[in-house]
Amino acid sequence: MQAERLIEKRVDVLHIHNHDVERFWPLVNFMIAEALKYSGGYANAYHIKDYLIEGSMQLFVVFGSDDGVKQKVFGCLVTRITDQPNLRQLEGIILTGEKRELWQDDMAAMIENFAIQNDCKRLCMLARPGWSKVVKKYGWKVKHVELQKELFDRAVCLTHASRTGCLGI
């Protein structure tokens, strides 16, 4: 009987360069697609993949082993750099994964260093409400809350408003 080959128990955050996205995409496609569904479907996973390949977005993958037996992907982060009139900022737009306690410290350090290397003056994260508790220890502050309302077919909405006097606000 052959003993199982043990590997190092270690989880790393890796920046995936745009020319390597195709190779790593099968590992994160499902996670990104699921995150986009939760976010209201503003994009499909293939849109994000295209942005990653062209370099307008960046991909970070959390990969390693928590048991010393098998390696796997624990999560991923998609960012974009935006130039505002007064500063450049790194924006996290998708952050998803499991066993966050294994990689959140490394992820926080990685994105901060990446932002500094790219002359960003601020980090900004679009995230679910629970993340505000997690990132507080890294110096993040809640500055805004995103409120959403889905708008449907304009003709239907206007017909409803004319009948009821309600604008749906």
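This chain has five helices and five strands, where helices (H or I, at least four residues) and strands (E, at least two) are DSSP runs numbered from the N terminus. The model is predicted, so local features need pLDDT of at least 70 and side-chain atom pairs count only at pLDDT 80 or more, while totals for chains, interfaces and linings use all residues. Residues are numbered from 1 along each chain as its sequence is written, and side-chain values use heavy atoms, with hydrogens and water left out.

**The whole chain**
- Along the sequence, the elements come in the order β-α-α-β-β-β-α-β-α-α.
- Of the 169 residues, 31% are buried (under 20% relative accessible area; exposed is over 50% and partly exposed in between, with a 1.4 Å probe and protein chains only).

**A look at T79**
- You can find T79 in strand β3 (residues 72-83).
- T79 has a relative accessible area of 1%, so it counts as buried.

**An aromatic pair**
- Searching the whole structure turns up one aromatic pair (ring centres of Phe, Tyr or Trp, its six-membered ring, within 6.5 Å; planes under 30 degrees apart are stacked, over 60 edge-to-face and the rest tilted).
- F60 and F114 form this edge-to-face pair, with 5.2 Å centre to centre and 85 degrees between the planes.
- F60 belongs to strand β2 (residues 58-65) and F114 to helix α3 (residues 104-117), 54 residues apart.
- F60 is buried at 0% relative accessibility, and F114 is buried at 9%.
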